[in-house]
Amino acid sequence: MKPSFMRTGRVSDSALYRRIEFALYAQTQTIIMSHIHELIDWVVSVYIVKDGKVLLVRHKQLGMWLPIGGHVELDEDPEQALFREVEEECGLEIELIGSAKPSLNDPISKPLPTPAFIDIHKISPKHRHIVLVYVARSKSGDPKLAEKEHHDIRWFSRADLRKKEFGLLPAIIFYAESALKMDEYIEKSKEFIGR
Ligand SMILES: [Zn+2]
């Protein structure tokens with residue numbers, strides 16, 4: 001049986017309890033999402049910031065609030081995967097922040113933006129994701145819900161991130177708060193140098 005938070009759409013259970021419940025559920029499912037490799041996949045995620053808020057989506061299959069993102073397909077580099085996922089999952093025009101990317105004049109090397117963070121986490125007892133975590137600013141547009149994949153899409157204030165009703169995992173809160181801090185820092189730097 002599906003975990004209660006997936007049946008009801010409510011996220012009132014504690015984050016830890018939901019993770020355990022989800023792991024048990026995942027064991028009973030052959031395919032819960034279209035993975036690429038059997039054991040470990042590469043994934044990109046991006047915390048998009050606008051006006052002091054960060055964008056998250058409520059994932060249908062996982063029943064959780066997560067950033068925009070997804071698998072790096074076999075014919076993509078991480079940057080291509082990132083911008084494809086942004087287009088598919090929210091439709092915003094973004095610019096990455098806190099990502100270094102040198103311009104190289106080299107015939108075979110294409111520099112890629114460095115992620116702000118990297119982690120590996122369990123999706124099911126047998127499957128893990130190495131996640132390249134990016135931070136971006138929304139340049140234009142309003143986020144559009146990707147109805148096939150997500151129940152909801154919304155901007156989270158710093159206070160929202162810690163509200164129990166959303167049941168955000170600790171890593172999601174950490175990355176989202178870091179994204180807001182990076183955005184604020186860049187704004188302050190601009191004031192300091194008078195731009
Ligand atoms: Zn996977």
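**Figure 1. Contacts across the sequence in the protein chain.** Among the contacts in the protein chain that link residues at least 6 apart in sequence, 64% join residues at least 24 apart. The model is predicted, and the protein chain has an average pLDDT of 88, with 83% of the residues scoring at least 70. The protein chain contains 5 helices and 8 strands, and from the N terminus on these elements follow the order α-α-β-β-β-β-α-β-β-β-β-α-α. Of the 195 residues in the protein chain, 26% are buried.

**Figure 2. The segment of residues 27–31.** Over residues 27–31 the pLDDT stays under 50. For this segment the model has 2 contacts beyond four places in sequence. Where pLDDT is low, predicted coordinates should not be read in detail.

**Figure 3. The largest nonpolar core.** The largest nonpolar core has 36 residues, and those that touch the most other members are Val-46, Tyr-47, Ile-48, Val-54, Tyr-134 and Ala-176. Two or more residues of this core come from each of strand 1 (40–50), strand 2 (53–59), helix 3 (78–89), strand 5 (93–97), strand 7 (127–140) and helix 5. With neighbours within four places in sequence left aside, Val-46 is in contact with Pro-67, Ile-68, Gly-69, Leu-82, Val-86, Tyr-134 and Ala-136.

**Figure 4. Helix 3 and its buried face.** Helix 3 has 12 residues and reaches 16 Å from its first C-alpha to its last, close to the 16 Å expected at 1.5 Å a residue. Its buried residues are Ala-81, Leu-82, Glu-85, Val-86 and Glu-89. Seen down the axis of helix 3, these buried residues fall within an arc of 130°, so they line one face of the helix. They pack against strand 1, strand 2, strand 4 (68–71), strand 5 and strand 7. Helix 3 is followed by Gly-91, which has a positive phi near 75°.

**Figure 5. Helix 5.** Helix 5 covers residues 170–192, 23 residues in total. From its first C-alpha to its last, helix 5 reaches 33 Å, close to the 33 Å expected at 1.5 Å a residue. The buried residues of helix 5 are Ile-172, Tyr-175, Ala-176, Ala-179, Leu-180 and Asp-183. One of them, Ala-176, is also listed among the residues of the largest nonpolar core that touch the most other members.

**Figure 6. The hairpin of strand 6 and strand 7.** Strand 6 (residues 117–124) pairs with strand 7 in the antiparallel sense over 7 bridges. The two strands form a hairpin with 2 residues between them. Phe-117 has Val-133, in strand 7, as its bridge partner.

**Figure 7. Two exposed aspartates in loops.** Asp-51 lies in the loop between strand 1 and strand 2. Asp-51 counts as exposed because 9 other C-beta atoms lie within 10 Å. Most residues other than glycine have a negative phi, whereas the phi of Asp-51 is positive, near 50°. Asp-77 is found in the loop between strand 4 and helix 3, and Asp-77 counts as exposed because it has 12 C-beta neighbours inside 10 Å. Asp-77 and Lys-110 are 33 residues apart in sequence, and their C-alpha atoms are 9.9 Å apart in space.

Methods:
Residues numbered from 1 in each chain as written. Predicted model: local features only at pLDDT ≥ 70, side-chain atom pairs only at ≥ 80, totals over all residues. Helix = DSSP H or I, 4+ residues; strand = E, 2+ residues; numbered from the N terminus. Expected span 1.5 Å × (residues − 1). Buried ≥ 20, exposed ≤ 12 C-beta atoms within 10 Å, placed from the backbone. Core = buried A, V, L, I, M, F, W, Y, C linked by C-beta atoms within 7 Å. Contact = placed C-beta atoms within 7 Å. pLDDT = per-residue confidence, 0-100. Pairing = 2+ DSSP bridges. Arc of directions from axis to C-beta.
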